[in-house]
There are 2 protein chains.
Amino acid sequence: MKTDIDQLMGEADLDSLLVTGPAGHNPYMTYFTGLVHLTQGYLLKKRGGEPVLFHGSMERDEAATTGLATKDLSDYDLIKLLKEADGDHIRARMMLLRRMFEEFDVRGRIGVYGKVEVGPLYAALQQLDEALSEVEIVGEAPDRSVLIRARTTKDEDEVGHIQEVGKITTAVVEDVAGYLTSHQVKDGVLVNREGGALTVGEVKRRINLWLAMRGADNPEGSIFAIGHDAGVPHSAGKDDDLIPVGKPIVFDIYPCQSGGGYFHDFTRTWCLGFAPDEVQEVYEDVLDVYETVYNAMVANTPCRDYQIMACELFEKKGHPTVLNTPQTKEGYVHSLAHGVGLAIHEGPTFSHVESNKDRLLPGSVITHEPGLYYPEREIGVRIEDTLWVRPDGNLEVLADYPKDLVLQMKDM
Amino acid sequence: MKTDIDQLMGEADLDSLLVTGPAGHNPYMTYFTGLVHLTQGYLLKKRGGEPVLFHGSMERDEAATTGLATKDLSDYDLIKLLKEADGDHIRARMMLLRRMFEEFDVRGRIGVYGKVEVGPLYAALQQLDEALSEVEIVGEAPDRSVLIRARTTKDEDEVGHIQEVGKITTAVVEDVAGYLTSHQVKDGVLVNREGGALTVGEVKRRINLWLAMRGADNPEGSIFAIGHDAGVPHSAGKDDDLIPVGKPIVFDIYPCQSGGGYFHDFTRTWCLGFAPDEVQEVYEDVLDVYETVYNAMVANTPCRDYQIMACELFEKKGHPTVLNTPQTKEGYVHSLAHGVGLAIHEGPTFSHVESNKDRLLPGSVITHEPGLYYPEREIGVRIEDTLWVRPDGNLEVLADYPKDLVLQMKDM
């Protein structure tokens, strides 16, 4: 949580944090600023001190709404700086950062964060590191990063945002289910009343529309993958594909607050009309592992234990997994879960590797998403909810929704 | 254009390009891959060679649709790499890049690109640079960057995408105009038939909805700023604000293709019902500068000339500008234009500084957006279109739309 930042900075031996980039679609900056219209800025925070937001002059009123201490970048006269740097933008940027550091007496180990264009910043930070003997620029590993660790546990406000997006998400999932089942079936695929075939592209357009209507953004798109595509976890589905009955459809939807805030992550696997036996069997294996692992989860235990548990349960049912068959493209091929927040994928991580020290801390918001994949057999099944590890250690599904595999077609 | 990349690499003395990050909302990667579902990958291109896309195993089918040469990252056994690196993710990433470089015989000066989390990559690239004596990692300045320079001129496909988003943009602008003027006026603000006051937040929700309906994303939000807010160029407008008649509203809308592709940038300034004389005067000054500079633009000339021309024209009309009053927050306070493409702001740049060597090259797509701002007087006016410098050197407005200041209210 934000209140942990100073302590985490101490543990990481960092004296200051430097966050760069816009306020939207940049979790590190949004974490401090909230959702405001800042296209480019810097945020400096010294250990034990309050953060200071450096903003463009045209964005001064937006910066003021953050409630943070602010500083107008035009005070540094960027045009004069660029002249002093002989028109070299990287040198000018280094000089700007040096002045900011001097003015705020920033020295020691400085962690850098932000989702930004890497090239110019890489070069400017290198020059800065070389120019200032009392400064060391530090790029932290994701699993040790102060801000990723802080963001791994959420306060109630943050959980509220994720839950709110969850309500929108499941409402849209219900819209999609209703839309699909209102169609008729002809030659094994969905058609409208005029006999026109429904496509994945049309379904996705409606998903975007319904999300926008309810106040969410969909910056990463969604997965609506059928048959063979469903068997490859990140295949998003092809716009021109028709929608068949009796084949597994993996529908994975991960919108965020309008403007680029907190995400929610959710998947259901559906068969329209009926499920072939082999899909039903795979589905029941996934649901059983979902429930067994969910019921086993206890706060403060290592996250990797649950990935290992999921692998062992799947293996007992005869499926290859990443634990017993590391490069497998069939069976259980991914991690059980990941943190969800201002980024769709954040801490904690659930990789089974020994070096993964992440724990299921109270305040975490995570996915829970076991799945099985057999692309050659045109089968993919994943069931995913977003869970909150409550401060009392109990788990809560943030947006509940039925897990039925088969959606009954009105027409069949 | 893409076909210029090898020549630009030669001019920049770069032997290879390394692009990182996802395919969406990451112009550098999208430029090569198009809009596919790749959450994380690398792209290596040697001078004179074809690019190779490195992708996660779960995204192999998406990667294949790009038509690029591909390589599955699981071939490098990332779990084994992490073990060899004693669980240090940054070291493991450096080792992965080193193996990729070795396998594809990458050496010399390597430019790095991508909109990504800067910290871990900064650290990994530094280690790589130190570990490999035959490799130099280069972060290019934005005005010299090979990929920004390549992207500055567009082929007809790219222009087609920007024009298509422009059609959606102006259609939604027309929707918004119709929506506003269909309201009634009570106590100087817009109300619906039941007498409820319309808010900026409600207008923005509809903008998002109508964009989604027509197939565009709105990742950066939009500006709908009234009175004082209109006088601060990047103030986005407050959700709770009511919509008055007779005050300038700056409506700046910059959506992109669904999934994160090409942008379009467009602004109109409206007064509902009537315009006070002083707003009308400011508006006419802006429109006059818009037209004079537009008519003066000639391909292959320096971009900064047009910013200086706009400043001098505004100064003659008695307005302060960034040329004669560098820190001014009143009058003409920004640049005339910027390139538009996979990023909403890209090359060429129009800053008046001498070090700006950008030219108005045939194939460029740029905004043209003179404006005047007097926040204390609650006045802001900006008129913006997106223009294409055609291969024959002639200018074309990519999405034409009336420039009227006053929108007649049906009710007044």
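Reader: How does the lining of the second largest pocket divide into nonpolar, polar and charged residues?

Author: In this predicted model, the lining of the second largest pocket has 10 charged, 7 nonpolar and 3 polar residues. Ala, Val, Leu, Ile, Met, Phe, Trp, Tyr, Cys and Pro count as nonpolar, Asp, Glu, Lys and Arg as charged, and the others, Gly among them, as polar.

Reader: What volume does the second largest pocket have?

Author: The volume of the second largest pocket is about 410 Å³. On a 1 Å grid over the protein atoms alone, a pocket is an open set of points with protein on both sides within 12 Å along at least five of seven lines, whereas a cavity is a set where a 1.4 Å probe fits but cannot get out; lining residues have an atom within 4 Å of a point. A volume is the space filled by probe spheres set on the points, which are joined across faces, edges and corners.

Reader: Which element gives the largest share of that lining?

Author: H6(A) does, with 5 residues. Helices (H or I, at least four residues) and strands (E, at least two) are DSSP runs, numbered from the N terminus.

Reader: Turning to cavities, how many are there of 30 Å³ or more?

Author: The count is 3. The largest cavity has a volume of about 170 Å³. Of its 14 lining residues, the closest to the centre are A:Ala216, A:Asp217, A:Asn218, B:Asp217 and B:Asn218.

Reader: And what is the make-up of the lining of the largest cavity by class?

Author: It comprises 8 nonpolar, 4 polar and 2 charged residues.

Reader: How many salt bridges cross the interface of chain B and chain A?

Author: There are 2 (a side-chain nitrogen of Lys or Arg within 4 Å of a carboxyl oxygen of Asp or Glu). A:Asp72 forms a salt bridge with B:Lys329, with the closest N and O atoms 3.8 Å apart.

Reader: What conventions apply?

Author: Residues are numbered from 1 along each chain as its sequence is written, and chains are lettered from A and ligands numbered from 1 in the order in which they are written. Local features need pLDDT of at least 70, side-chain atom pairs count only at pLDDT 80 or more, and totals for chains, interfaces and linings use all residues, while side-chain values use heavy atoms, with hydrogens and water left out.
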